[in-house]
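Thanks for coming, everyone. I'll walk you through one structure today, so please look at the screen.

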Amino acid sequence: MPAEAKTTTCPLDCPDACALDVEITDGRVTRVGPDAGSDYTAGFICGKVAGFPRRLYHPERIRHPLRRVGPRGEGGFERISWQEAIDTVAGNLRAIAQRWGGEAILPFHYGGSNGLLTDEFLDHLFFSRLGASRLAKTICALPATEVALGMYGKMPGVAFSDYPHARAIVVWGANPRGSNIHLVPYLKEARRRGAWVALVDPRRTLGEGEIDLHLPVLPGQDLPLALALIHRWREAGQLDREFVAGHADGLDPLLERAAEWPLERAAGTTGVGVEAIAELADRLAESDPALVRCGWGPERNRNGAQAIAAVLSIPSLLGKFGVRGGGYTLSNNGAVKFDRDAIIGRLDWRTRNLNMSQLGRLLCGDLDPPIKALFVYNANPAASVPDQRAVLRGLARDDLFTVVHDQVMTDTARWADIVLPAVTFLEGHDLRAGYGNYMLGGVVPVVRPEGEAISNMQLFSRLGRALGFDDEAFLLSDPELLRRAAAAVSLPGVEVDLELIAAGGQQGYDFDGAPPVQLATSHPLTPDGKIHLTPPVLGAEPYRWLPPDDDWPLALVSPASQRLTYSTFGECSLERLTITLHPDEAAARGLAAGDFVRVLNQRGEVHCRLATSAAMRPGVAAMPKGAWSRSSLNGETSTALCPDDGQVVGGAACFNDARVEVEAL
Ligand code: SF4
């Protein structure tokens, strides 16, 4: 049978939302590549998704409902029918809700798919009907989102395609090679046209020919660095006070804190030289247009919200808005409005809101009522939540009824009582709004699901009906849900093309005929339309910097890698975990690349191989986030070393506050 090609959209947690062209031969996916018709996808996708057939047909793919046999956590399961699985899950949830109250049930989910239908859709309808505990999604992006909302509302940011207009660009705490690879060509093009490009990151993640200046800031020190820039601009009379007076408030608290950070003090704290800080300050002040690509690296520590706010204040303080290629980019997903209530109704769900970053505490602590049922989908907390030992202690509880709906046998699924087979994005429907580009894409099945896998929309529909919930949404098919969801989306300046989306196509949108120009065609979406340089979410002591409170010698970062999308692909793409150090740090410990080492602190200990790289700065160690236990010699991974508390805003995870030592094993 000749190969056929089908079009769909990548919904994985990545800013790019690529348009995909999938080749199918004899009913099986034989190639995943870029849709040649998409300008934004531009003829290339990442290796992770190009290799997606490995996940689709992996031996550990879950193809049928399974019930645990034997001791919890040992991975023994037997096949059961869907009917038995639904009866068992529904029966247990009903019994737990009757005995302990609905709040004894905790749904645990995140961004396994970033689609609008796979998370916070029918799942929320189902768990709200049960009166389950809610989940505070703190593991990523919460501080940045809250700060950006408070400062600018969901103001659409500078499109990547407009980066070549800029004369100066700072990429701050983002690694486009690990996630957001479609930014890289635009950075190159900007530089080819004469732009000056700087990178603020503990690691040199962009190459010699791609940036002009690297500021290797120590983890957790982005705030002093940003405040030092602001201090210098004030001293030099470079602040655009006219712009601030006309468009913003909250300047004084920011300037007061910035006054505490002359360059010399900031250099001593951040680990970045005085000259480099001065050069960054001067280039940004003197270049027009200038812009900041703010990533999510600076938020992953106890000063994270304050740091993001200081970084996002830069274009306001320097008056960089109003021209193409000037301003900032964080997340652009706020440009798409999705009226979920039009499909599932308005939820009145006011139960307790539990912090996902403290799952170990929640499962092991003294909650009233205790968590008696954990329902995991779109997530793999055993690999991704801080304080891994506590999480695993919780999953080992014999009185915890655990359900996992996933595509492959994850580290979390191995602890479950019931494991349910989930479709991959090549086998199901979803709707994706890019958070990097200005694109809406349909996600449609290109092949039949493996085995008996179903979408989580169908899972929660089946469970909802089994529990007697009579909402109309539980009766709809996935294609109908996609069609209704697309109809419930509003895009700036354009009607949604329902036919295109339902066929797996992508629709771009723009603002008055072109990507947005901040403060010209896109504006602050705060309630009063002003920019708030000191948003209330920063608390009683805005812009106050707190030093790290652990004294282990190396700061551990656990960033995105080119192999994993958070913990997705861990079954096949990261066979061997490594810790990476600067060669001088390795030599100081008598270690060399390839050595077996233990990475330890008071929380945990990871046994793995050592790698060395001059792209690291001394004083910092890096281990990929989301690694599975199989990649580690002793089963523990980076989250075993990470604290589960410390963030001022919303209790968000502070992965980069981990401090460690590395020793020979
Ligand atoms: S993960 Fe990102 S770069 Fe890779 S295919 Fe998906 S959207 Fe594109």
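Let's begin at Glu120, which is partly exposed, with 29% relative accessibility. A word on that scale: buried means under 20% relative accessible area, exposed means over 50%, and partly exposed is in between, using a 1.4 Å probe and protein chains only. Glu120 is not a glycine, yet its phi is positive, about 60 degrees. It sits in the loop between β6 (105-109) and α4 (122-130). Helices here are DSSP runs of H or I with at least four residues, strands are runs of E with at least two, and both are numbered from the N terminus.

Some ground rules. This is a predicted model, where local features need pLDDT of at least 70 and side-chain atom pairs count only at pLDDT 80 or more, while totals for chains, interfaces and linings use all residues. Residues are numbered from 1 along each chain as its sequence is written, and side-chain values use heavy atoms, with hydrogens and water left out.

Is Asn180 buried or exposed? Buried, at 3% relative accessibility.

Next, two cis peptide bonds. One goes from Asp288 to Pro289, with omega near -5 degrees. Pro289 is in the loop between α11 (274-286) and β12 (290-294). The other goes from Asp368 to Pro369, with omega near 0 degrees. Look for Pro369 between α14 (359-364) and β16 (373-377), in the loop.

On to the domains. An automatic or database domain assignment sets the bounds. They are domain 1 (4-56), domain 2 (66-138 + 343-508), domain 3 (143-330) and domain 4 (554-664).

How do domain 3 and domain 4 meet? Their C-alpha centres lie 27 Å apart. Contact means heavy atoms within 4.5 Å. By that rule, 21 residues of domain 3 touch 25 residues of domain 4. Together they bury about 1,800 Å², with 55% of it on carbon and sulfur atoms. Buried area is the accessible area, with a 1.4 Å probe, that two parts lose on being put together, summed over both. Which three residues of domain 3 supply more of its buried area than any other three? Arg203, Pro219 and Arg300, with 39%.

Take Pro219. It lies in the loop between β10 (213-215) and α7 (222-235), and it is buried, at 3% relative accessibility. Leaving aside neighbours within four places in sequence, its contacts include Pro202, Ala555, Val557 and Arg659.

Now the inside. A nonpolar core is a set of buried Ala, Val, Leu, Ile, Met, Phe, Trp, Tyr and Cys residues joined through side-chain atoms within 4.5 Å. The largest has 142 residues, and Trp233 is one of those touching the most other members. Helix α12 (residues 304-317) gives the most to this core, nine residues. Another core, of 58 residues, lies apart from it, with Leu125 and Met457 among its members.

Last stop, the ligand. Which residues surround it? Cys10, Cys14, Asp16, Ala17, Cys18, Ile45, Cys46, Val49 and Ile181. Near, here, means a heavy atom within 4 Å. The shell has eight nonpolar residues, no polar ones and one charged.

That's the tour. Over to you.

How values were computed:
Nonpolar A, V, L, I, M, F, W, Y, C, P; charged D, E, K, R; others polar.
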